[in-house]
Amino acid sequence: MCIAIPAEVLEIKDDNIALVDYGDLQQEVRIDLVDVKVGEYVLVHVGFAIQKLSREEGLQTRQVFKDVYAAMEE
Amino acid sequence: MAGGMEIRKALDEIVDRDYTFMHICGTHEASIARSGLRSVLPEGLKIVMGPGCPVCITPQGEIDAALELAAKGCIIATYGDLMRVPGTNGSLDTCGGDVRVVQGVHKAVEIAKEVPDKEVVFISVGFETTAPTVAATLLTEPPENFSILCSHRFVPPAMKFLLEQGEAKLDGFMLPGHVCVVTGYAMYEQFKVPQVVAGFEPEDILLGLYMLVKQAKEGRADVENAYPRAVERMGNQKAMKMLYEVFEPTDVEWRGFPVIPDSGLKLKPKYEKYDALKKFGVEIKHVEKNSACICDKVLRGIRDPTDCKLFGKACTPRKPVGPCMVSHEGACRIWALYNQKR
C-alpha cells in the first residue's frame, strides 16, 4: 500500500498538477505536497508526489525497479 | 552500497544469539518473501511482520460501515485491495452496490464531479504515507457530494502498544521507509529500542537487519537511517502541515489490537462535512471475531501465517477468510504466493 515510484517532472500543468515520466510511462500526478520544478525527481504514491529525490537518487532507484522487472520476466 | 552477498556474510559473522526484529510494512514483507531473503538469514535471526498492512488492520466494523454506505446507494470509491475483505455480510466486490476502484483519492473526486446527483464515498485507508494525499485533496474543496470514510492509522502508537505489551519479544524495529519519507523519523526517537529506517530492495533490508543486530549487540537504542536516498529526519514538513490542518489524532481500534490511544485520524470540525459517517448516520460497530482465523496474532507478530489451521486449506488467495489473505500487502497472501514456510 505504501509503494512509491520515482518519476521525473516533465511539465507543470497547473498549480498542483504535473506530468511526470516513470521511464516508459507518463502520467499526470498531484504535486500539492511538494515544491518541484521541471527536471526534478519525485517519489509518487497513489497519484501524489510525496517527496523530492535528487536526480541521481531518482535514476538509481528507477534502475533498481527496471532490474527487478527484468528479473521477473526471465 | 555493499552488495547483498557482502552484507549477508557480515550478518553471518555478527549474529551470536537469537534476535527477533519486526518490520511494519507490507512492501517490506513482499520484498522479503519475493527474494527468499529469510532462507539466507543466519540461524537465530528472525524478521517478523507487524501491523504494516493498512487493509489488514482495518477492523471488520469499518468494512461493515463501507458496505452499509454502499447499501444506502452511495458510489463507493476504494483502493482495489479492499474489494474482497470480508465484512459481516459479504464484501465490497459482492455487495451489488456501485463500487469503483481508484488509484487515489483525487480520482474519487473526479467521479463526484462527473455525477453531481450521486453521493461518492472514498474509503480512506492508509498510514502516514497516504493520509496527506487525502488532506491535500480536502484542502482543494471537493464538491458537496463527496465524502470519506476515514480509516487512517498512525504507526508509532501501535509500536508503543507492542513494546508495552511485550508479547512479541522484540529486539527492535525496521521502520517503514515510505511512512518515514513523509513523517521523518524524529518521532521514533521516543522508543528506547534499536530502530533502522530501511528501503525496499533485498539489499536495503539486509543492510537494515545488519544495522539492527549491530545496535542490539552494542547495547545501543538509536534510530538509524538506511534509506537516506528518500528519507530525512524531519520528513516532508509541507505534507505533515497539510495533514494536521485537516485531521487530528483520535483513539481507534485496530484489527488484532484493542483501542490504541491517538492511533487514528479524524476530520477537524472545519472538514466534518466530508465525514461520510456523520453525513449518512452510520456508526462503526465493534465486531467480535468468530472464526479460527489468526490474523489478529499474525498482525501482532506472535504467529506466522503458516501457524494458522486455515492457511492454504480453507483460506487461500482465491478464497480468503481473513484480511491478511486478501490484501497484496497481507502476510498470509504474500506467504501463500511465494510458498514461504518459515
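This is a predicted model: local features need pLDDT of at least 70, side-chain atom pairs count only at pLDDT 80 or more; totals for chains, interfaces and linings use all residues.
Residues are numbered from 1 along each chain as its sequence is written, chains are lettered from A and ligands numbered from 1 in the order in which they are written, and side-chain values use heavy atoms, with hydrogens and water left out.

**View 1. Chain A from end to end.**
Chain A has 74 residues, and 49% of them count as buried; buried means under 20% relative accessible area, exposed over 50%, and partly exposed in between (1.4 Å probe, protein chains only). Chain A exposes about 3800 Å², with carbon and sulfur atoms supplying 49% of that; the areas come from the Shrake-Rupley method with a 1.4 Å probe, and for residues only the protein chains shown count as cover.

**View 2. Where chain B touches chain A.**
Here 31 residues of chain B are in contact with 23 residues of chain A, contact being heavy atoms within 4.5 Å. The area buried between the two chains is about 2500 Å², and carbon and sulfur atoms give 61% of it; buried area is the accessible area (1.4 Å probe) that two parts lose on being put together, summed over both. Across this interface there is 1 salt bridge, that is, a side-chain nitrogen of Lys or Arg within 4 Å of a carboxyl oxygen of Asp or Glu. Look for the side chains of Asp35(A) and Lys238(B), which meet in that way at 2.8 Å, N to O. On the chain B side, the elements giving two or more residues include helix 5 (105-114), strand 5 (120-126) and helix 10 (237-246).

**View 3. Asp32(A), tucked into a loop.**
Asp32(A) sits in the loop between strand 3 (26-30) and strand 4 (41-45) of chain A. Its relative accessibility is 8%, so Asp32(A) counts as buried. Its side chain makes a polar contact with the side chain of Arg30(A) at 2.9 Å. (A polar contact is a pair of N or O atoms within 3.5 Å; within protein, one must be able to donate a hydrogen and the other to accept it, and residues adjacent in sequence count only if both atoms are side-chain atoms.) Leaving aside neighbours within four places in sequence, Asp32(A) is in contact with residues of both chains, among them Asn16(A), Phe48(A), Lys238(B) and Met242(B).

**View 4. Tyr244(B) on helix 10.**
Tyr244(B) belongs to helix 10 of chain B. With a relative accessible area of 32%, Tyr244(B) is partly exposed. Skipping neighbours within four places in sequence, Tyr244(B) is in contact with Phe154(B), Pro249(B) and Lys268(B).

**View 5. Two residues with a positive phi.**
Most residues other than glycine have a negative phi. Val46(A) is not a glycine, yet its phi is positive, about 40°. You'll find Val46(A) in the loop between strand 4 and strand 5 (48-53) of chain A, and its relative accessible area of 14% makes it buried. Over in chain B, Lys169(B) has a positive phi near 50°. Lys169(B) lies in the loop between helix 7 (155-165) and strand 7 (172-176), and is exposed, with a relative accessible area of 65%.

Technical notes. Helices (H or I, at least four residues) and strands (E, at least two) are DSSP runs, numbered from the N terminus.
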